[in-house]
Amino acid sequence: MRRGPLLIACAVVLAAVGVAVTLRPAHNPSAYPGGGAVAPQSTALYCTGLPGDAHRPGRVTFLNTAASARSLEIEVVADTGHVASRSVTLAAHTRYALQPTSLEAGTFYAVLARVAGGGVVAEEATGTGAAVAPCASAGTTAWSATGFSTAVGSSAYVSVFNPTATAAVFNVSLYSAAGFSSPQAFQGVSVPAHAELYLDLARAAVDLRGIGVSLRVLRGSLVAVGVEDAAGTLSINPGQASPATRAHFPVVTTARGASAVLEVADPGPTPAVVRVSVVLGSYRIADQFIDVAPYSTGALALTPNPAIPAAGYAAVSVRANVPVVTDLATGAAGAGSALSAPSAPTTSAVVGGVTSGGYDALRIVNPRSRAITVRVIALGSTGSPARLRLAGHGVVDLATAVPGARSGRPYLLSSRRPFVLGLTAPSRPAGIVVLAPLDGR
Amino acid sequence: MENRAPAVVAVVVTTPPGPGLEATLASLVAQDYSELSVLVVAHGEPTEVSERVASVDPGVFVKSLEENRGFGAACNEGARLVEGAAFFLFCHDDVRLHPDVVSRLVEAAYRTNAGIVTPKIVDYDDEMVLVHVGQTADRFGVVRDRIERGEVDHGQQDLERDVFVAPGGVTLVRADLFGALRGFDPALSLLGEDLDLCWRAQSAGARIVVAPLAVVAHRESIAKGERASAALGTRHASRAALRRRHQLLVVASGWHRRNALWILAQLAVLDLAETLVALAGADTERVGAIAHSWGWLLVQRRRVRARRRELERQRVLTDAELARLQVAGASRAREFVVRLVREGFDRARGIVPPSPAASLEDDHSVGFAAAFSELEEFDEFIEPAPPPRPSRMLSSFRSQALVVALAAIVWAIGARNLVAGHLPIVGRLAPLDSWWSTWRHFFASWSSAGVGTGAPAPPGFGVLALAGTFVLGRMGVLARVALVFAIPVGAIGMGRLLRDKVSNRARLIGALAYAAVPTGLNMVAQGRLDVLVVVAGLPFVLRRVFEVMDVPGFRRRPYGPPVPFGHRGWRTSEAGQRLMLVMACTLMCAFAPAALVAVGLVIVGVALARWFEPDAASGFAHPWRLLGFVAFNVAVLLLPLSVDVAVAGSRAPAVFGLARGPWNVPGFSYLLRGVDGTFGASWWGWLLVGAAALGAVLCRGERRAVASKLVVVATLTLALAALSGHHWLGSFEPDLDVLLALYGVCLASLVGLGVGALETDLRAVGFGWRQGAAVLIVSVLVVAVVPFLAAMGSGRFDLPTSSVAESLGSLAPSRAGGYRVLWLGDPSVLPTPGWTVVPGLALATSTNGLPGGATAFVGPDAGATDALIGAVQAALRGQTVDLGALLAPAGISTIVVLDASAPEVAGVQRVPRRPVPRALTRALARQGDLSLELTTSSAQVYANSLFHGVVAESTPGSTTLRPVFSARRFAGPLEPGGTVVAGLAPADAFALVVDGRAAVRTTQGEWTPFYAVPAGAGRVRGALVVERFPLNGLLALVTLGIWAIVALGFGWIQRAEWLFTGRVGRRARPR
């Protein structure tokens, strides 16, 4: 053979390898397979913003979803800096509720639970049970929420807990219809390791409604929630880790006498055009639009709304041209409202953690255009799981498909593809207490 | 029985006035060949011709043709009239034959079995000047002479040989061949009929030879324009147009259809370029000729098809075989470039015609016509042109020595701050321990690497200690020696590699190219001493491999008979040479085991290249056996490391290198340039690659065989680097930089061979693209040096002045109980060797501060350090939020996450960034017992809030641990009844001696040993002591012994005979 074939063969090999490695470039992974799914050795849960004696004391409820007992080392951290500890062993599929005020005195509390193993989830609730938020399993470096009010009769706070051994530093920026501000007092705020503090938004935004908050961690990581007391209605808003162009609110009340307002904040320099799609029974409802100026906030009343009939629960999805922060404020007309964050798409969730009174609505929304199947199984049950098939962008009432779910019995929902779960507690008018499901991982 | 000579009929074609007809006929009549008949085929008025013929010889036959259809048609007609002839001798009417021409041509035809024989054609007026001695043609149908223009006949061409074209004038053609070919193509009325006939004859398998002893003088009056052609179809076309169109016809029909289309496409491009040049020179005649030829071809497309069918019917040779008979390249374009280079553009494109005066002194400057034309008037020269003289630059010893000295000075300037400046802890520049400590590490039963290991110490310690002996124990000098001298030594090796293959000048350039290859300089910048050893040694090893594998030209003399080990002459025997190869590999592998992979690639590459292009003279046939031999013997010579590999299990492939993050591995374009760092990452990095590629193509003969092997090795190396870098080969990921070092050797070798090809091989072939490539190579090499000079500015080849590791020195906790620092980062940025956690993340530890000489080498087996690796993996997967607690038993006080080995300082030092997986940062942020102490662009430092020292003690009734003992010495007071926990593995390596008695040791299912301190009154004193059988020491001793025996085997055993016998002065001789 001659040199020509040899050179051609070399060139072909090089070209093939070059094309292969160029077409499939490697990316720096932000996660590795098996995260949280494979027998965790230890986990931690962080709850913050639990109201103390100044309000009706809140509580934390732990639920062991694992098939074996778990030991918990619980620390209650008051905003005063005092820490109380408690060790608890949770049997399989059992709950444990802790009221921090029974251990320490303070205005707000954070609870840190170290779990030997995994499978324990927790949620915090206000004393009235009118607001429930899941506890976090990790800190975050950014946090956003909107819809806060510091008008007369209302107060709003951001409660921050540092879950790490590193002193954290963060900045807070505020948005409102009046524009953007970075209050001096909220810049370079330091949180010692394993400490909790809260920021009174009224110190920087006096007598304003629809306040958006953006928290950026400069060092370390934090767990943050928004706490609002609107005319006596206390709510805990878990917020969002980052603004997004899409958001889902699977259960939005349209009941008479109720109010539901979609709060939107645009934390960026580009004007936001927000399209709100409402799915309500067999009604064909035209999309609603909100224009939000840069670094500003806006709102859209979903209930009452002449374009949206009062005909039960609506599934609302939000799509924006730029990342925005969205929240839902619900309450009785003429009274204070509670804030709730959009439901994040997840592949597993737990319901039935805290509401002893059960649920008023449990709805699953498929955020994708392709059909998905959701498995629903009662914790501790040996029976076969129920399978719910959702068409693209479809909505299913879990309470109808699984009758026991409404009672508050714990169920684990899982799917290969993300779904969105929305819950409301029984209330009058219906649907004004929106709850967040627990992260099933 | 009558023995008659074969009948020859001379067909003389004449067109009035034909002033040389009488002379032609007279010379034919005077031939000494008895069986010669002469037939004159005349165009035009028959009476005049008959009279002139009769005046010479009334016996000559005359045939008149009414129409002048050209020379070919006339010959066909003449041949048709003749019966019984064995040969036809087709003659112009302006030739003069020597009396023995016919007999010599016939003799040659019989002797060579040729179908067509052509004589040596000399100038009609001066028979000392050669005109044609056969001709050749390229694939585009352009005919070229095989002699210099105006070449004087000294008998230098008097050798019978095959030619491709028998030029017209006098041509002897075997009658049966002529019939089979159906004669000349009558469509070719003038110019080109000889090419056509010969092309078809060659295709039909007939030989065409030149018989130089047959001498014919040829006036070439029509070709020179002295006579106008009156043939039909030629009146409206110039001679250039005729020649071009006939060439096109021959090419279009002379190849298979597919090849013909391809070649015509190339020819169209060339003609287009020629048209542009002609237009620039306002040469409308040339433009017209080109346009006419293509237009004519389009008109003749049916004829083309018919000719091709006819040719296919007769074809014996394939296109490839036919092409092999021709001259390569494009003759016309080649000639243009020659003129362009030698005489400038105007002369090349023909604007400046040669003046008579100029032609005397510039005899080869034929201007316009020489560039593109085949007009034979340009064959007239007074003196032959001198052959192109090779450049004398760098050809003398003095100039070469001057360049070497200059390069040494430049290198010294570039490395000036490496000699005495501060060396940062990057790469493998952690300060070595003392000479004695290094020996101790080699023999030690326990090493502090990771969380401690009882595995045999890597043999790198032994090699380092031996090297330290030569610098009188000044171990700090070794790193500087490697940084400063590795590349120059490698360059010397490159010179040796190229020895006997190319001239000293080419060797010098190859060596300089090796110094400028990015790999070496990047390794200096990154402090990779291990790879620098490979950079220094690989050219030597490559030469040795080539020699052992009998690559042409590398084995200077055949191996002699086997010589017993240790006897004089054993070194030069085959076994000795193989063992020398093994020793060189061993030396490199002691520092960078991936060098074994590099050697394997060389062996496999040579074998593969031979599969494509066998070396006829090579007797080597067992590459796989050689590969096994080398691998086995290296494993024996590196016995401790081999043991480590054997027990490492699935981690064994890590001996060749740790898995780098695919996102940190250079992209394929960087790999092609051999770049893994900041040096060479810009556009000029392509220059050496381009020069090497051209070199690979230019080489011929023996050099070509070597170049082919280097190309295959380079290809394999790049493919392996790219595939393993993406983890497509599993956990087998040889050190990328070692592979790039091999690639660099291949590049520099090819550059050297390319320069050698410029000097030698190009002179052996005609001018063409190769010469253009030569100019390119030289330009590239000159430009490639410029960035290299720019890199000298820092005086340390961009080696940082400070490292991240050093800047963290102040973060040390209390030294009570000792502490460890956990280093996490891409394996290429860790300041000390480690183990893979996940691809792109490696882990290493240092004890009581910064890394040092004790962990300069680690084996692939992580041992108990797997506990740390598992903890980090669990954190990465979100399985734990208590990483600090998991690391605390090992005494990890600090976790340093490195994104770069040194801080980037804008305008001061450049450092390649190789970020850790983002998942790690997220995972560490989730840990509740780690506090982030420091964040910079190149590192994050976390403190472990649960740190309790490497050795800790819990008092009775308490679970709280507190550090005990000092960092330097594991001894001190203890609490009676307490429990001592030691983060020292393996658990059975240490014993806690309390007041002279060993405490009870348990492991409680952990990797750490727990010692129960006996209860008693008052504090007691305890000490942790190593308690292991010195197996590692014995292994190290055996290894040293093997090294000594092998070294002594090179003739020294025999020389040291007196040591054993007491006899002095007797020279040992091989049996």
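Biologist: Is A:H194 buried or exposed?
Modeller: A:H194 is buried, because 20 other C-beta atoms lie within 10 Å. Buried means 20 or more other C-beta atoms within 10 Å of the residue's own, exposed means 12 or fewer, and partly exposed is in between; the C-beta atoms are placed from the backbone. Keep in mind that this is a predicted model: local features need pLDDT of at least 70, side-chain atom pairs count only at pLDDT 80 or more, and totals for chains, interfaces and linings use all residues. Residues are numbered from 1 along each chain as its sequence is written, while chains are lettered from A and ligands numbered from 1 in the order in which they are written.

Biologist: Where is A:H194?
Modeller: In the loop between β13 (189–191) and β14 (196–200) of chain A. Helices (H or I, at least four residues) and strands (E, at least two) are DSSP runs, numbered from the N terminus.

Biologist: And what is phi of A:H194 near?
Modeller: Phi of A:H194 is near 55°, a positive value in a residue other than glycine. Most residues other than glycine have a negative phi.

Biologist: What about phi of A:H93?
Modeller: That phi is positive too, near 60°. A:H93 sits in the loop between β4 (83–90) and β5 (95–98) of chain A. A:H93 counts as partly exposed, because it has 17 C-beta neighbours inside 10 Å.

Biologist: New topic. Which residues does the cis peptide bond with omega about -5° join?
Modeller: A:R428 and A:P429. A:P429 is in the loop between β30 (411–424) and β31 (434–435) of chain A. In chain B, the bond from B:A985 to B:P986 is cis, with omega near -10°. B:P986 lies in the loop between β22 (979–982) and β23 (990–994) of chain B.

Biologist: How many residues of chain A are in contact with chain B?
Modeller: 41 residues of chain A are in contact with 41 residues of chain B. Contact means that the C-beta atoms of two residues, placed from the backbone, lie within 7 Å.

Biologist: Which element gives the largest share of chain A's side?
Modeller: α1(A), with twelve residues. That side of chain A has 21 nonpolar, 16 polar and four charged residues. Ala, Val, Leu, Ile, Met, Phe, Trp, Tyr, Cys and Pro count as nonpolar, Asp, Glu, Lys and Arg as charged, and the others, Gly among them, as polar.

Biologist: How many helices and strands has chain B?
Modeller: Chain B has 39 helices and 27 strands. Of its 1071 residues, 54% are buried.
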